[in-house]
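Come along and check each entry against the model.

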Amino acid sequence: MVTIVGAGPSGSYLGYLLAKEGFKVNLLEEHSCIGKPVQCTGVVTDAIDNVLKLDESVIVNKIKTVRVHFNGDILDVDLGKGDYILDRCKFDRYLCEMAENEGVKVLLNHRLNAASIVNKKIQCLTNKGLIEDEILVGADGPYSRVGNSFNMLNGRKYKTAMQYRVKGEFEPDVYKVYLGYGEFGWLVPENKNFARIGVVGDSNLRKEFNKFLKLFKVKKLENQTGMIPLFNHDVPLSFKNKVFLTGDAAGLVKASSVDYSESIMIFEDGMMKSIRVGEFVNDLMNKNKSKIILEDKEIDLKSLKLDKRVDVFTLDKKGKLKLVRLNRVIKHRLKDNLYEVICEKGFRVKVTSAHSIMCLSNDEIIEKKTSELVTGQDYLLIRNNVPKLNSIKEINVIKLLLDYDKSLAKRILVFRGMKYLRHKRDLRFYLNGLPKTYYRRDLIPLEAFLDQGVIPEDVKITMNPAKKFLAIPNKIKINKYFARLLGYYVAEGSLKKSGIILNFGKDDILNGNLEDVKYCIERSLGIRYCISMVKNKFTKEDSKVNVVFGGFIVGLLFSRLLGCNFGSENKEVPNIIFNVSDSLRKEFLKAYFRGDGHLRIRKSKKRRNWSADLTVETASRKLVSDLVLLLFQLGVSPNVRTVIHKGHVLYGKNIKTTCNYVLSVSNQKDLYKLRDFFPEKRNVLTSFIRSINDSKSMKGIPKKLISDIFRNRKLLFRKYFGHSYSSFKTYSYEKMIRLLGKIKNKNKKEKLYFNLIKNNVLILPIKDVKIADSKYDEVFDLEVNDINTFVGGLGNILLHNTHGGIVYGLNAAKVLSKIIKDGGNYDKEIKRLIGKELLLSLKIRQVMSFFKEEDYSYLISLFNQERVLELMKEYNRDFPSKFLFKLLLKEPRFLKFLKFVAI
């Protein structure tokens, strides 16, 4: 028995050849449809005629001429028999049907999770169960799971090809190549009206592709971006003569990728943290530079295996929440388009097209690439159940300062800490150059304590001895006053040399926010503050009140040490707030919403249209992501949307266009939990909530996802949802958990949904998948063993981690079928029959990568000779070894380019 993973051309053709020889073959395909997604130009030379006879239904066009363009120079090459343009989807299905007709067992929706050799047998663990076989073949694409399972992908490299299927007006029998765009660009016509336009290359490919597209007047129809594997002569394609790689799987490592700014949840040093994935990975790599592994120089793919224990929150395939250890972190240059996936309620994540997102499909949780997601049909899984930790009661400011920068010990003065020193005579050394009054006032540099191995307790610290009122306690208790002060800072705070400034408007004064913040500063930090009125420089009227407090230490504490950051676009929730009690989380949110948000209650003529919402707007994506997590901890499910404020002129000043995030809470039960946020409106809100009957649940399962459970359990649905149960579009979690709990012998699907509901995992349909911009040139990934999933993005979305040409693939399948039947050395045969062609093609591309404009022009002039064109017409370009030497004999001036070989 042989198991082949991947029903692409190479896998299907190999299955067909083996079945003809009498082998029993299982062909596993992870998708539900053969041939999707398309990531190929579909161009094949007439060399395919020597492998198999093509059915006319799979050929969409035949090309007679290749036209090369560069800076106005044009070269037309007659292709002799011509090239075929294939419908890749139909071609893949055609080969799969050939295999199936020969007896191959095609298993759709079968995804290989891992494979190993046990007692000389291959054991394949799939999402459908365990398959045991004698031989395993990986034909599962560039990032082969088979290759990964047996560590066969080390050293593989790849190129990125960006391609769109477009509509326009084209010459149907001319295949156009454009030099000077990436490595090169192409236009492959399907007919007069449709074509495939693309670019292949390494760095800045998006810019090159956009520049290339401007050459044509076309309408974009479909994105077909993909990866091109590069053959490596030194990497083995077989393992113990039981495991083999073929097709694209014999090529490269492909890295999944998440945008720098996306938030992830981790558990480190006893704390739950929300952190930008790029910040997290870069920090780890900067601290462990000697342990970084450069896996792919072409795209600067780097990985780091973690020694320190860091856990990530995840969800297994059965719908159970888990905390698992993070194995590796990965980063590489952004080579692909970045996409933003947005689901209902506005939760979203930015990933590349190759990154997998976990989706709910009928009765199982599967991963799908971003390029494969279908709006309105695919459902994302949102981890609504965020763990609650009450681990932090106070913060040690001295410890935080020293962890941040040890050199600060020379500048920090400890107030009234001399009693902790054992050797006071040494103080002369530390006080040298400082006023004598420091000794009498008991102001001692922190450095003196550290040199004696002492950490002072119950003291105050400062950096400005002239202003003792700026000295803050070494240990700050995390009480309701400090939590609210952090909330006010995140909402209204900015960082200045003098410390922290909180800006309050007239409404804040009337609502009592100004008095509250003064009280919080006194009760939490024990320091003074300064209040000043600020006039509008245009109207000359009092417009706001500034509250200034603290100094350098307090500014550093709030902005860096606690992680609140500074600047409206960078603010975030400090991680300590995720690790305190619910009452303190509410205090933080209360101050933040009072500072930046508002409560609206709408009463229209018809009571059924009454509504209320608690809303806040921010420019920080990280902040709104953190707020969602914080509300999840409180059992509240918010909504997120974006709003664009167009640029305008205000009092003669140009205001730029901005895209802000609006977070709102509008569900009746959620509003009741947060009713104390605006005390002056508490009674009105409570009365409003009691006067309406909001039966809608924020957490529900769409009926179409559980239609079979619905059909089989009608009596239970009638019992829990009433006689009108059949008219419901969604079924609330509250009642579904009781309904499923009554079923004693649950089937697989019922167990899955029971676990999802029990663990408060939201099931939300995808609303939009669109190309997104990124401020960063790198993308990042986390590698988690076994479960292979982690949560990230705005809203705790469940993500999946990861770490040739058609003719070559079919020929490789032919070689492998013979090896499996008769025995032999697969690696040796591949390198003998195909490897030299791939290496020559790769060397030619490497040589051209060093070309300047004059080199391209000279190359075209050499080819544009009758004797050269006649030779090119005679030979197939898929096999350069057959004509390269003859080409040099016909035109020796090609030898000029050998100077680039040594580079």
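Is Tyr-481 buried or exposed? I found that Tyr-481 is buried, because its relative accessible area is 14% (buried means under 20% relative accessible area, exposed over 50%, partly exposed in between, with a 1.4 Å probe and protein chains only).

Before going on, I noted that this is a predicted model, where local features need pLDDT of at least 70, side-chain atom pairs count only at pLDDT 80 or more, and totals for chains, interfaces and linings use all residues. Residues are numbered from 1 along each chain as its sequence is written, and side-chain values use heavy atoms, with hydrogens and water left out.

**Entry: aromatic pairs**

Rings of Phe, Tyr and Trp (its six-membered ring) pair if their centres lie within 6.5 Å; planes under 30 degrees apart count as stacked, over 60 as edge-to-face and the rest as tilted.

One of the pairs is Tyr-164 with Phe-209, which is stacked, at 5.5 Å centre to centre and 10 degrees between the planes. Tyr-164 sits in strand E11 (residues 157-167) and Phe-209 in helix H4 (residues 205-213), so this pair ties together parts that are 45 residues apart in sequence. Helices (H or I, at least four residues) and strands (E, at least two) are DSSP runs, numbered from the N terminus. Both Tyr-164 and Phe-209 are buried.

Then I returned to Tyr-481: its ring centre is 5.5 Å from that of Tyr-519 and the planes stand at 85 degrees, so the pair is edge-to-face. Tyr-481 belongs to helix H10 (residues 480-492) and Tyr-519 to helix H12 (residues 513-524), so parts 38 residues apart in sequence are tied together. Tyr-519 counts as partly exposed, because its relative accessibility is 37%.

I also wrote down one aromatic cluster, formed by Phe-710, Phe-717, Phe-721, Tyr-725, Phe-728 and Tyr-731.

**Entry: charges over rings**

Which residue lies over the face of Tyr-672? I found Arg-675 there, at 4.0 Å from the ring centre. Lys-746 lies over the face of Phe-754, at 4.6 Å from the ring centre. A charge sits over a ring if NZ of Lys or CZ of Arg is within 6 Å of the ring centre and within 35 degrees of the ring normal.

**Entry: a sheet**

My last stop was an open sheet of three strands in the order E7-E8-E9, with antiparallel pairing (two strands pair if DSSP finds at least two bridges between them). Its edge strands, E7 (112-118) and E9 (129-133), each pair on one side only. Six bridges join E7 to E8 (residues 121-126), and Ile-117 stands opposite Ile-122 in E8.
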